[in-house]
Every structure is written in structure tokens, then in C-alpha cells.
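Work through these exercises with the structure open beside you. Try each task before reading its solution.

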Amino acid sequence: MLRRLSSSLHALRHQLHQGKLGTHIGLVKLSSCDRPNVFAETTFADFPLDERLRRGLEAALGKSYVTPVQHEVFSRHLTDKEQSARQADLLLQAPTGTGKTIAFLLPALQRLLLLEDARRAGKSVPEGVLTLVVAPTRELVLQSAKIASRLLQFSGGQVRSSFVAGSFSLEEDISRLREDMPQLLFATPWRLARHLQTTPHFVNALQSVDLLVLDEADRLLDPSFVYKVDYLIRCLPTPRPRMVLCSATFSEPLRKFAIRSLRANLEVIRLGSKEPSPGQANAEVAEVAAPVQQVLVRYKAEEFLTTLHATLEQEMGQEGQMRRVLVVFPTVRWLQFFYVLLKHRAHMSGLFALHRSLSDDRRRARALRFSRGAPASRGALFATDLASRGMDFDVHAVIQVGPPSDREQYVHRAGRTGRLASQGRSVLLLNPVELTVLKELGTFEEEQVQASASSHHALSSMHGWWEDASLSASGHLFFASAIAFYLNESQRLRARAVDVVQTVAALLQSTGLPQAMSSPKRDVDFLGRGRTYLGDAIREAKSRPELNGAMIPVSNQKHGGAQRQPDQHRRARLWSVAFHDGLPSQSLNCTCVVDLW
Ligand SMILES: Nc1ncnc2c1ncn2[C@@H]1O[C@H](COP(=O)(O)OP(=O)(O)OP(=O)(O)O)[C@@H](O)[C@H]1O
């Protein structure tokens with residue numbers, strides 16, 4: 001099955017430029033990652049692994065075969081066969097849940113152990129952090145750091161790893177680093193950049209880094225992160241360290257970064273991605289991992305809540321069944337509103353929420369509860385995209401509410417289930433306004449979800465939520481954030497503003513809110529788009545007395561200009577939506593200003 005092609009720099013660069021990387025020179029490609037082939041034919045024992053690491057692996061995974069991506073990496077980087085490959089940058093792509101973390105970690109750990117042995121034998125070895133692993137979220141940083149600690153548990157403390165991530169204060173980071181004195185550091189780009197900018201001498205601790213791993217590289221290199229990554233690279237020693245870029249999907253920004261920044265002798269290992277068809281020069285088709293069954297459920301917006309309730313019941317199974325489900329929402333406000341309704345009004349058991357507005361302790365505890373190795377339980381984690389990349393959840397199904405922003409996002413979300421040796425279901429819920437995205441996402445098995453008696457009962461238990469002040473406020477925020485979400489996507493969805501507003505009003509009606517309270521009865525007036533500052537939108541709204549003047553600023557506290565990065569300013573877009581009549585309370589019977597960024 002394996003097809004190895006000889007590497008040639010010139011041809012490879014050409015392929016990178018053509019966007020055809022993955023089909024030609026210098027890569028390893030597996031034609032299939034079906035269930036029977038989930039492991040390669042080799043075991044960890046077939047590679048010259050350090051005994052201390054072998055024991056760590058056995059304690060963590062038992063005696064196991066390696067996965068195909070691990071086989072490819074280990075046969076080049078755990079043996080002495082290809083010395084030159086050890087110096088080359090590496091681009092590593094394989095489907096979600098196929099063991100990429102151990103694939104990039106193990107050779108790095110083995111090298112650190114050998115270096116430490118050399119130091120103990122009196123040889124001169126650089127001090128400080130030697131390997132730096134950067135990942136986009138604090139959850140992922142903690143997860144990878146934990147795996148490294150488990151693999152290193154028999155190393156007698158010779159190789160030490162540590163982390164810096166947003167969950168902790170800068171002072172806590174520093175005292176942890178002082179205590180750990182790590183050779184291996186895991187970090188988010190934001191926290192690392194903050195230390196580099198504010199912690200005296202922090203940059204010195206990174207002057208021995210000779211391996212930089214970008215985990216979830218295509219996320220780290222997308223426009224919202226790439227300037228941080230560029231800054232980090234500028235703070236590392238020159239010539240810059242060897243780089244390993246790891247991801248399940250291969251995006252356009254990643255391809256551009258590879259062309260501009262990776263070294264000439266770039267090595268590429270790609271498994272299980274679909275070859276572009278002729279005429280699709282730049283098409284890199286991200287593939288959902290084979291064990292994931294992809295299901296589409298179409299629903300009417302005014303039946304959203306019963307559809308969600310019934311889908312949850314279906315995927316979580318009966319009370320005694322220990323099934324866990326991840327539900328990904330487009331916005332925090334959307335998540336919060338339906339989470340509270342289902343948990344506190346419909347008394348659905350086992351629901352948890354995970355999003356950026358929670359305290360760090362809660363974020364950690366909730367991610368852990370749904371992770372592999374956690375005690376069996378039945379429940380659902382309502383999360384934003386915070387949870388959609390890299391997290392090694394042990395969930396039976398992923399329910400995606402609303403359209404993913406692109407195929408890559410869909411693939412990563414779906415990939416939280418069906419990991420390695422387990423089957424999983426990805427259920428995409430789309431209402432009519434969202435259906436245009438289907439052509440970008442591929443083919444699905446269609447299923448219909450029938451609202452059960454208990455879903456109707458749940459709905460009736462919600463009656464009157466709008467009279468509860470905090471739920472009413474949460475409903476307003478959901479409303480504003482859903483409008484913002486759809487308007488941001490309106491070109492892609494080919495949706496008119498009036499369709500957007502009607503859809504969101506219908507989503508609200510799905511909770512039992514009377515139509516008279518939730519539909520704008522007259523025209524919806526858009527004050528305009530593309531404004532850079534909230535102030536501009538507010539000024540314009542105030543200058544139009546016919547709009548009654550009241551507003552809902554969403555995420556208002558974020559608009560402290562001084563705290564924002566220049567590119568965030570550029571990306572910030574504000575829309576003002578005015579309703580002349582009809583929404584549930586005084587404050588919505590007015591103008592709502594929403595932040596689209
Ligand atoms: N050789 C192996 N034998 C048994 N289990 C393994 C092996 N390699 C990895 N695993 C387990 O498989 C799961 C998925 O691995 P991992 O999280 O590294 O996937 P990934 O490819 O990085 O996925 P993603 O793209 O979603 O980040 C983990 O629970 C990991 O411990």
C-alpha cells in the first residue's frame with residue numbers, strides 16, 4: 001500500500017507552488033486508512049527505541065502496533081538510516097485521531113534523552129529549552145504536555161517538560177519554569193509572545209531551541225495567528241530551528257507558509273488525503289477520518305430546539321448507556337442560551353459547557369471529563385470551536401450546529417469522534433438558510449430526527465422562559481450573536497438580510513417564544529457594514545431617532561482600543577441592525593449593535 005517517492009527539492013517546491021503537494025515527489029502516501037488498516041504492521045518494538053521511552057509507552061498504551069503515520073515518521077527519525085532527514089523540516093499530515101502527537105513527540109523525546117545522556121557523559125550540550133511545541137489552545141497544550149509526561153515517566157527526571165498557557169498567571173508560569181527547568185516546552189503562541197514581550201530575559205531561555213513543532217499548523221498559520229508565529233520565529237535563534245508542521249488538513253495559508261519559510265530539503269509525509277482531480281490544481285481536499293459516519297439532518301428553524309433535543313437523546317442513548325456526545329455551536333451566546341434552556345428548564349442530565357467565557361478550572365475539568373481515559377459517563381459537552389481541534393475526546397458522536405466555516409473546520413470537528421480504533425458519528429444539523437454550504441462539504445447520509453414525546457415535553461417545560469430576567473438577557477444575546485454569525489456568512493450562504501433575521505427569529509420561536517414577540521413586524525433596517533469601530537456604529541444609530549436609540553452592544557468590553565492588536569482592528573466589523581418593532585423586550589425593540597469579528 002505504501003508508495004514512497006524519492007525527494008527532489010526543485011520538484012517539491014514546484015509542487016508546493018502548484019498546490020499539488022501530496023501526490024508527487026518526496027512524500028509518503030497511504031491510499032486508505034480503513035478500519036482494518038488502522039495500525040501498521042510494525043510494533044513499537046520494531047524500532048530502536050530507548051528503553052525508558054519504551055516503558056513509558058507501554059504504561060500509556062500497552063503493547064501496541066504503531067499507526068501508519070507513526071511508522072513513517074519512526075522509520076526515518078528513530079533510525080540512523082536517513083541522517084539528513086533529521087535536519088530537514090517536516091510537514092506531517094494524517095487524518096484526525098491517527099496518532100500524530102506520538103509520531104512527532106517520540107523522536108523528539110528520544111533525542112532529548114540521548115542529549116542528556118551525552119551531557120552526563122561529560123559532553124558539551126546546550127542548556128535551556130531545546131524543543132518547543134506550539135499549539136493553538138491551552139487545552140491542547142495541556143493535553144500534549146500530559147502525554148509527554150507519561151512517556152517520560154521512566155526517564156528518571158532526565159528530560160523535563162513544562163508548559164506556558166493562558167490558564168495560569170504569568171507569575172505562575174515563571175515559577176513553574178524555574179522549578180521544571182525544561183528542555184521541552186509546550187506553549188500557546190499568545191502566552192509565549194506575552195512572556196517574550198514582558199518577562200525579562202525570557203527570550204534567553206529559548207536561545208537553544210533547535211526544534212520547533214507547530215501542532216495544528218494550519219490553524220496556527222491562518223491569518224489570525226500567523227503574525228504571532230512569525231514573531232516567535234524571529235525570537236528564536238538564527239539560523240532558525242528545524243520545524244515540524246503537523247495537521248490533519250492542509251490549508252492555503254499553510255501552503256504559503258511552507259513556500260516562504262520552510263527549508264529547501266523539506267520532507268513531507270502525508271497520509272489519507274484525497275488527491276486533487278485533474279483541473280483542480282489547488283484543491284487539497286481534506287478528508288474526514290474513515291471511521292466517522294457522516295450524517296446530515298435537515299430541520300426547520302422553528303423546530304430547532306426539539307430537533308436538537310431529539311438528536312441529543314438519540315446520540316446519548318438510554319439512561320444506562322455510557323455514551324458521550326460533543327455538540328459544537330457557532331457562537332458562545334448561542335451555546336449558552338440553549339445550554340441553560342436544556343439543562344435548567346428541560347432538566348436534561350449530563351450536560352456541560354466549554355467555552356472561553358468560563359473560568360480556567362472549569363474549562364480544564366470539563367475538557368478532562370470528555371477526554372480519553374476519563375471514567376465512563378453519559379453526557380454531552382456543549383462547546384465552541386475551542387474544542388474542535390486536536391482534543392483527544394472519547395465521544396460517540398459529534399453534533400455540529402450550523403454551518404462550519406469551511407471543509408477544514410468540518411473535518412476537525414467531525415474528527416473529535418471515530419478516533420483510531422473507535423467508530424463515531426458526525427451529525428450535521430442544517431436549516432434551510434444554511435444548506436448552500438453542503439456542496440463544499442461533500443456527501444452525507446441523510447437522516448430524519450423525529451421529535452419524541454420527551455422532546456415535546458422538554459419544549460413545554462420551557463414555556464415562559466422570557467419572563468426570567470437572566471434567560472431573557474441570554475436570549476437577547478443569542479439573538480444578536482446569531483444575527484452577527486449569519487450576516488458574517490451571508491455571502492457564502494447567499495442569504496438576504498431579511499432571511500437571516502427571519503431564521504434567527506424562528507430559532508427563537510423554536511423555544512416556545514410566541515411569534516408575536518419574536519418576529520420583527522416591520523422592516524429590518526441595516527445601518528451598514530464594514531465599520532471599524534463600535535463607536536462609529538453607535539454614533540450612527542444615535543443620529544437616527546426613528547430607531548429609538550437603545551442598543552445591545554455585544555462583547556462591549558472587548559472594544560478597549562488599547563488592548564487590541566492592529567490586525568484585530570482591521571478585522572473588526574460592526575453591523576447595526578435596527579428593529580422598529582416586535583422583539584421580546586424594550587431593549588430589543590430597538591437597535592442592536594453586534595460585533596462580527
Ligand atoms: N500506536 C498507538 N496505539 C494505541 N493508541 C494510540 C497509538 N498512537 C496513538 N494512540 C492513541 O490514539 C488517540 C489519537 O491520537 P492523537 O491525539 O495523537 O491523534 P491526532 O492524529 O493528533 O489527531 P488530531 O488530528 O485530531 O489532533 C490518542 O488517544 C492516542 O493515545
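Predicted model: local features only at pLDDT ≥ 70, side-chain atom pairs only at ≥ 80, totals over all residues.

Residues are numbered from 1 along each chain as its sequence is written, and side-chain values use heavy atoms, without hydrogens and water.

**Exercise 1.** Describe the second largest pocket and find where it lies.

Step 1. Start with the volume: about 1,100 Å³. A pocket here is an open set of points on a 1 Å grid over the protein atoms alone where a 1.4 Å probe fits, with protein on both sides within 12 Å along at least five of seven lines. Its volume is the space filled by probe spheres set on the points.

Step 2. Turn to the lining, meaning residues with an atom within 4 Å of a point. Of the 45 lining residues, T101, Q143, I147, R372 and D392 are closest to the centre.

Step 3. Look for the main contributor. Helix 6 (138–151) gives the largest share, eight residues. Helices are DSSP runs of H or I with at least four residues, and strands are runs of E with at least two.

Step 4. Domain 1 (2–271) and domain 2 (292–460) both supply lining residues, so the pocket lies between them. The domain bounds come from an automatic or database assignment.

**Exercise 2.** Find the residues around the ligand and its polar contacts.

Step 1. The ligand is surrounded by 22 residues (a heavy atom within 4 Å). The closest are S64, G97, K100, T101 and D392.

Step 2. Check polar contacts (N or O pairs within 3.5 Å). A polar side-chain atom of R372 is 3.1 Å from a ligand oxygen. For a polar side-chain atom of E216, the distance to a ligand oxygen is 3.3 Å.

**Exercise 3.** Which value does phi of E216 take, and where is E216 placed?

Step 1. Phi is near 55°, a positive value in a non-glycine residue. Most residues other than glycine have a negative phi.

Step 2. E216 sits in the loop between strand 7 (211–215) and helix 10 (217–220).

Technical notes
Polar contact = N/O pair within 3.5 Å; in protein donor to acceptor, adjacent residues only side chain to side chain.
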